[in-house]
Amino acid sequence: MVELLAGVLMLSGAVMFLVGSIGLLRLPDIYCRLHALTKVDNLGLGLIVAGLVLRHSDPRLAIKMILVWILLLASSAAIAHLIARQALRRESE
Amino acid sequence: MMDSWLFDVVDALLALTAVVLAAMSVLGSDQKRSIVLFIAFGLLLSLIWARLQAPDLALAEAAIGAGLTGALLLSALPYSTAEKGACRQQRAWADIAFNRALRGLAATLIAGVAIAMIWALDDGRLQSVPFTVSEQVFGHLPHSGVGNPVTAVLLNFRAYDTLLELAVLLCVALGILALGQPSVPVVAPGPVLVLLVGILVPLLVLMAGYLLWVGAHAPGGAFQGGAVLAAAGVLLLLSGHRDAWLPGPRLLAAALGAGLFLFIGAGAAMTLSGAVFLEYPEGWAGAIILLIEAMALLSIAVTLVLAYLGGPPAPSPSPPARHTDVEGH
Amino acid sequence: MSSTPLLYGLCAVALFAIGLLGAFLHSGLLTRLLAVNVSGSGVLLLFVVLAYQGAGQRPDPVPHALVLTGLVVAVSATALALMLGRWLQRPEQEPEPETEQDQE
Amino acid sequence: MSAIEILPLIALTLVILALCVGLWPAVRGPTLADRMLSVQLLGTAGVAVLMLLAGISDSEALIDVALVLALLAVVAVAALTREGSKHG
């Protein structure tokens, strides 16, 4: 039962990634794409991490994986800002 | 589970995307685009190493191929944009025709080589390589002082290779110090980049130490740790610390030579005590290897930061980062 | 038998050929170095494919160690080449007589 | 092989598919920001791929690789934004 739940979580995470990629291709401008992509992808990674943590009950691995996720959450926020700034600077030139 | 056809789909996707990225990167004419695609190619290659059960290489590629080489090429971009237009302009028609013929010939030759290689692959040689060396490595692993076979090969069984590689790195560092000038100052960074650097640099340093320590029994080691530490230096340079926290000339020279000279010193000590050069005494191998690796990590990191810097570090009393920091708060 | 080694083997050959072709076709130093790096990646990939023993089997560590060495040497050689390129471009900005005096 | 066991593998395939599709803007552009966004996506999706591979093949080391990839993808994108500001 836990295995099934873990699998479904991972699968929905993967679908999030697909949605993010399609958004990257289909959304009209760079700010929309930034807005959509950073959120959707981090949600997808979170779901995948949740699934993996459920599947492997080793607490050390679980902590490591959650740490990676938190790190990416923080860094992607900063990176999104940097990319938006770069795009703005390009536009104002 | 391991034989599922889905793995074939995964492999095909990864391999095909790697080839497409490489082709777009190499054959395009926009240099900046080529570099971005090359960075993406490095990230993808790191996934391929992971898929081929080479986590040691995946670690190194993630640090070197994706991070450092990309940053290195980007830092060289301002010096290389001028050269292309200049040499394209004045050229006679015959020259162009000859050039085209030469290029056609080169392409044909390369296609021939590629076909020959594919034929060699198809001949089943991939499956029939004898693996006696591998058996020897795993047979002697308990006596090597470390549990990670790749570290054992690098620092014990084939220590000469690594010794000479450190010599190569030292030569590169000396070449850069001899030829380079202090680099151009960068634009002052924004507050978010300063914040990001403040979080990432300690994490990268921690990660480098962790990789050094874990390299004894799991994937990791001096090369991966050194590359990650160098990434911390590159990040400092990007945020306006023009010295990248590198020490003054004397300490810098010491850090550059540390790996090689400790390696040679350890080997000489073993020779003097009656053993063969670089034949570690039983029981001490693990400790000696860790010490050599620590120094090698330092040398590798400093060399790579110098490579990105493109010359000796500029002694800057007030890095631009401090200014924005003061303004920001 | 899985088709993993064959797929990545073909990928390695393609990378090697693409890199070599790029190194011939380009005239700029930066793009040429990039091409040589791609070509080198192809060679390293072939090594790793040779080390791969199939899923669940432990791979041969010797090629892995060699490739690790190769990765680090490749990046440092690239750095030195970029440095030399930058240095070679420098004399154009300096006055000509100086270099002639050096030759005498 | 049971249906439940194959779920992580399907997830892995989908994430890699998303990664390959998401690389198109890096090739096409048109602006540097588009390409950087694509590299950022490759970083996040790459971490997901490594973690799924770690789970599927029970290889703890791949989580370390994911950590390094997460850190270094940030360095790469930061380097790109800085270069963009210098002359672009």
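**Notebook: salt bridges, rings and confidence**

I began with R55(A), which is partly exposed, with 22% relative accessible area. The model I am reading is a predicted one, so I kept its confidence values beside each entry.

Entry on R55(A) and its partner. I looked for what the side chain of R55(A) meets, and found a salt bridge with E3(A), at 3.7 Å from N to O. Because R55(A) belongs to helix α2 (residues 30-55) of chain A and E3(A) to helix α1 (residues 2-26) of chain A, this pair ties together parts that lie 52 residues apart in sequence. I noted E3(A) as partly exposed too, at 35% relative accessibility.

Entry on salt bridges between chains. Searching the whole structure, I find seven salt bridges over all chains. One of them joins D34(D) and R33(A), with 2.1 Å between N and O, and it crosses between chains, from helix α3 (residues 32-57) of chain D to helix α2 of chain A. Are these two partners buried or exposed? D34(D) counts as buried, at 4% relative accessibility, and R33(A) counts as buried as well, at 10%.

I then turned to K64(A), which forms a salt bridge with E60(D), the closest N and O atoms being 3.3 Å apart. This pair also crosses between chains, running from helix α3 (residues 59-92) of chain A to the loop between α3 and α4 (61-86) of chain D. K64(A) is buried at 16% relative accessibility, whereas E60(D) is partly exposed at 32%. Through shared partners, salt bridges join R60(A), K64(A), E60(D) and D64(D) into one network.

Entry on aromatic rings. The count of aromatic pairs comes to one over all chains: F38(B) and F41(B), a tilted pair with 6.1 Å centre to centre and 35 degrees between the planes. Both residues lie in helix α2 of chain B, three residues apart, which is about one turn of the helix. I recorded F38(B) as buried at 6% relative accessibility and F41(B) as buried at 2%. On a further ring, that of F138(B), I found the charged end of R58(C) sitting over it, 3.7 Å from its centre.

Entry on confidence in chain B. The mean pLDDT of chain B is 81, with 85% of its residues at 70 or more. Within chain B, helix α2 (residues 31-51) has the highest confidence, at 91, and helix α12 (residues 320-328) the lowest, at a mean of 41. Over residues 317-329 of chain B the pLDDT is below 50, and this stretch has 13 contacts in the model beyond near neighbours in sequence. Where pLDDT is low, predicted coordinates should not be read in detail.

Key. Residues are numbered from 1 along each chain as its sequence is written. Chains are lettered from A and ligands numbered from 1 in the order in which they are written. This is a predicted model: local features need pLDDT of at least 70, side-chain atom pairs count only at pLDDT 80 or more; totals for chains, interfaces and linings use all residues. Side-chain values use heavy atoms; hydrogens and water are left out. pLDDT is the predictor's confidence in each residue, from 0 to 100. Helices (H or I, at least four residues) and strands (E, at least two) are DSSP runs, numbered from the N terminus. Contact means heavy atoms within 4.5 Å. Rings of Phe, Tyr and Trp (its six-membered ring) pair if their centres lie within 6.5 Å; planes under 30 degrees apart count as stacked, over 60 as edge-to-face and the rest as tilted. Buried means under 20% relative accessible area, exposed over 50%, partly exposed in between (1.4 Å probe, protein chains only). A charge sits over a ring if NZ of Lys or CZ of Arg is within 6 Å of the ring centre and within 35 degrees of the ring normal. A salt bridge is a side-chain nitrogen of Lys or Arg within 4 Å of a carboxyl oxygen of Asp or Glu.
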